[in-house]
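Welcome! Please take a moment to look over the structure below, and then we can walk through a few of its features together.

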Amino acid sequence: MNLLYKSTRSNSEPVTASQAILKGLADDGGLYVPCNIPKLDKSLRELSKMTYQETAYEVMKLFFTDFTQEELKDCINKAYDTKFDTEAIAPLVTADGTYYLELFHGATIAFKDMALSILPHLLITSAKKNQVKNEIVILTATSGDTGKAALAGFADVKGTRIIVFYPKNGVSPIQEKQMVTQKGDNTFVVGITGNFDDAQTGVKQIFGDKALAEVMDKAGFQFSSANSINIGRLVPQVVYYVYAYAQLLGEGKLADGEQINVTVPTGNFGNILAAYFAKQMGVPIAKLICASNENKVLYDFFETGVYDKNREFVLTSSPSMDILISSNLERLVYITAGADAAKNDMLMKSLSAEGRYEITADMREKMADFYGGYATEQETAQTIHDLYEKTGYIIDTHTAVASAVLKKYQKATGDNTKTVLASTASPFKFTRSVMNAIDAKYDAMGDFELVDELSKLANVSVPKAIEEIRTAPVLHDTVCDKEEMKTVVMKSLGME
Ligand SMILES: *Cc1c(COP(=O)(O)O)cnc(C)c1O
């Protein structure tokens with residue numbers, strides 16, 4: 001049976017998995033949701049004997065039902081290879097009684113790699129299946145992390161090109177260095193004189209330009225997006241929750257059927273939604289603890305049932321979670337509204353018109369598995385400090401938000417269920433904040449000096465992703481005004 005995907009905003013014709021991956025967003029602006037969430041057809045015991053790649057196949061085959069076994073295995077093997085610095089791909093580390101699921105062993109040492117390593121392969125396979133002859137041009141605006149992870153994923157993937165726009169003066173020096181040193185003949189990195197919103201707006205305009213799309217089509221190109229709302233990013237994230245549970249079971253750390261809690265540092269709500277999908281598939285998960293930083297829209301939402309983005313935007317030390325509109329929450333809203341697209345559409349219209357919406361008591365009840373918490377900057381830094389002092393294990397700022405929230409949750413509820421905590425970035429990616437949390441004296445040091453110091457303290461060698469950019473030559477130096485973005489795109493494709 002083919003699993004089909006519906007839009008969250010209208011009762012338009014459902015599409016296949018490969019069509020949903022190709023389109024990214026539905027024409028009505030909705031997100032694609034599978035008509036039902038499939039159940040695992042192997043026991044967790046059986047899965048506990050499998051590698052990451054084998055587990056990935058067992059999960060993805062149930063969602064991407066129009067891919068052949070060969071196609072899917074080919075995508076998986078190309079994605080989860082030696083780009084990752086450990087065979088486990090997503091290893092579990094126990095510290096202070098919590099299982100940290102390290103999702104940062106890929107090319108850019110953050111969790112976006114888990115999905116962006118496979119998305120390019122899913123995309124070109126989907127293009128082939130749907131007789132798309134054009135080359136796929138990925139267009140992305142980035143505030144830092146997504147851009148690099150997308151570049152790394154798409155670099156040298158045949159049949160694709162990728163163009164990334166970033167605010168020239170709006171990303172960290174390390175983030176900029178990571179992007180402008182990107183190898184691959186099909187990669188283009190462009191700084192714009194403007195902020196992230198300008199970059200994002202420019203990209204949206206290019207996507208919406210019908211005349212340009214026609215010219216592109218004649219030249220053999222079409223645009224696509226690597227945005228986190230693509231179902232081709234969500235499903236690969238379900239895999240590591242299944243894998244984590246199975247590993248713990250296999251190691252005897254869990255008994256058959258024993259429930260766990262999952263804690264996730266949350267921004268766009270993709271990662272924690274994947275954990276919810278894993279639960280629906282049959283992984284024994286009790287609570288899904290959604291951790292926010294001081295941008296605590298989601299905490300307030302789970303407390304009150306009101307989503308309200310009308311508030312001050314706070315810049316924190318966990319920038320990948322500095323988000324006021326969590327796009328993937330729409331999928332949960334739709335599901336808990338009983339797959340009622342009209343109801344969801346009304347709420348989303350209210351979000352764009354007034355910046356807020358309120359869900360019903362019935363929907364809140366269906367979200368009871370979620371628990372919202374947040375951590376202040378101070379609590380986050382303290383958590384990094386204390387965990388290091390107690391165990392020697394060093395976590396990044398995003399992971400620390402989750403760790404702080406978990407502690408507060410356990411204290412408030414007395415619930416000491418074993419917990420898997422999604423560790424979303426390597427501490428080497430946010431070295432300065434991490435080292436300052438351990439001791440203020442480190443603030444006087446230079447960026448790479450801090451990297452070496454962290455390596456000593458953590459007793460972990462410097463990741464390849466960091467080592468490489470120390471000496472790598474700059475390969476991209478284009479800078480343009482926001483008005484010139486379209487011209488730059490055409491030039492990059494050799495079609496002025
Ligand atoms: C993107 C990101 C998050 C947030 O994940 P969502 O799926 O958007 O909720 C958390 N931590 C890091 C390091 C990230 O890059």
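Which residues in α12 meet which residues in α14? Leu273, Tyr276 and Phe277 are the ones in α12, and their partners in α14 are Arg331, Leu332 and Ile335. Keep in mind that this is a predicted model. By class, this contact of α12 with α14 holds 5 nonpolar residues, no polar ones and 1 charged residue.

Two packed helices are described by the angle between their axes and the distance between the axes.

| Helix pair | Axes come within | Crossing angle |
|---|---|---|
| α11 (residues 231–250) and α12 (residues 270–281) | 8 Å | roughly 60 degrees |
| α12 and α14 (residues 329–336) | 9 Å | roughly 35 degrees |

The crossing of α11 and α12 is right-handed. On the α11 side, Leu234, Gln237, Val238, Tyr240, Tyr241 and Val242 make the contact. The α12 side brings Gly270, Asn271, Leu273, Ala274, Ala275, Phe277, Ala278 and Met281. Sorted by class, the contact of α11 with α12 has 11 nonpolar and 3 polar residues, with no charged ones.

Asn271 also leads us to the ligand: a backbone N or O atom of Asn271 lies 2.9 Å from one of the ligand's oxygen atoms. Lys112 takes part through its side chain, where an N or O atom is 2.6 Å from an oxygen atom of the ligand. The side chain of Thr424 has an N or O atom 2.8 Å from a nitrogen atom of the ligand. On its own, the ligand has 380 Å² of accessible area, and the protein covers 96% of that.

In total, 14 residues surround the ligand, and Lys112, Gly267, Asn268, Asn271 and Thr424 are the closest. The shell divides into 5 nonpolar, 8 polar and 1 charged residues.

Note on methods. Residues are numbered from 1 along each chain as its sequence is written. This is a predicted model: local features need pLDDT of at least 70, side-chain atom pairs count only at pLDDT 80 or more; totals for chains, interfaces and linings use all residues. Side-chain values use heavy atoms; hydrogens and water are left out. A residue is near a molecule or strand if one of its heavy atoms lies within 4 Å of it. A polar contact is a pair of N or O atoms within 3.5 Å; within protein, one must be able to donate a hydrogen and the other to accept it, and residues adjacent in sequence count only if both atoms are side-chain atoms. Accessible areas come from the Shrake-Rupley method with a 1.4 Å probe; for residues, only the protein chains shown count as cover. Ala, Val, Leu, Ile, Met, Phe, Trp, Tyr, Cys and Pro count as nonpolar, Asp, Glu, Lys and Arg as charged, and the others, Gly among them, as polar. Axes are lines fitted to C-alpha atoms, for helices over the stretch in contact, and angles run from 0 to 180 degrees between N-to-C directions. Helices (H or I, at least four residues) and strands (E, at least two) are DSSP runs, numbered from the N terminus. A crossing is left-handed if the near helix is turned anticlockwise from the far one by less than a right angle, and right-handed if clockwise. Contact means heavy atoms within 4.5 Å.
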